[in-house]
Amino acid sequence: MAGVWVFKNGVVRLENPGADTTNGRRRQKMLVHLASNEVITSYSALETKLLSLGWERYYDDPDLLQYHKRSTVHLISLPKNFNKFKSMHMYDIVVKNRNVFEVRDM
């Protein structure tokens, strides 16, 4: 993941000008469950995989889907709307579930 960390208005953000683009268009990413080679296309498919890995659903925030694993301090927070599910959310899932998921270019 190439880019530059920018500090602006009290927020640190990774900016990738031109990264992950083809002919000026941003490449789409997809989350893949490695054991089944299944592309995750909905939250219901993702939840099935996460629950089988020991993640539990939290219902505290009505604007987010949240999952916690009792054996860790990890919390996965996702936007309620799957259309707002971005690559940063995918990478968060990959990091917290090593060797289970992978992010690929479409």
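**Notebook: salt bridges**

I started in helix α2 (residues 87–96), where K96 and D92 sit four residues apart and are therefore separated by about one helical turn. Helices here are DSSP runs of H or I with at least four residues, strands are runs of E with at least two, and both are numbered from the N terminus.

The model is predicted, so local features need pLDDT of at least 70 and side-chain atom pairs count only at pLDDT 80 or more, while totals for chains, interfaces and linings use all residues. Residues are numbered from 1 along each chain as its sequence is written, and side-chain values use heavy atoms, without hydrogens and water.

Next I looked up the contact between K96 and D92. Their side chains form a salt bridge, 2.8 Å from N to O. The term means a side-chain nitrogen of Lys or Arg within 4 Å of a carboxyl oxygen of Asp or Glu. D92 is partly exposed at 23% relative accessible area. I noted the cut-offs: buried is under 20%, exposed is over 50%, and partly exposed is in between (1.4 Å probe, protein chains only).

I then checked the total. The structure holds six salt bridges.

Another of them joins K29 and D105, with the closest N and O atoms 2.6 Å apart. K29 is in strand β5 (residues 29–33) and D105 is in strand β10 (residues 101–105), so this pair ties together parts 76 residues apart in sequence. K29 counts as buried at 17% relative accessibility. D105 counts as partly exposed at 33%.

My last entry is R104 with E102. Their closest N and O atoms are 2.5 Å apart in a salt bridge. R104 is partly exposed at 28%, and E102 is partly exposed at 32%.
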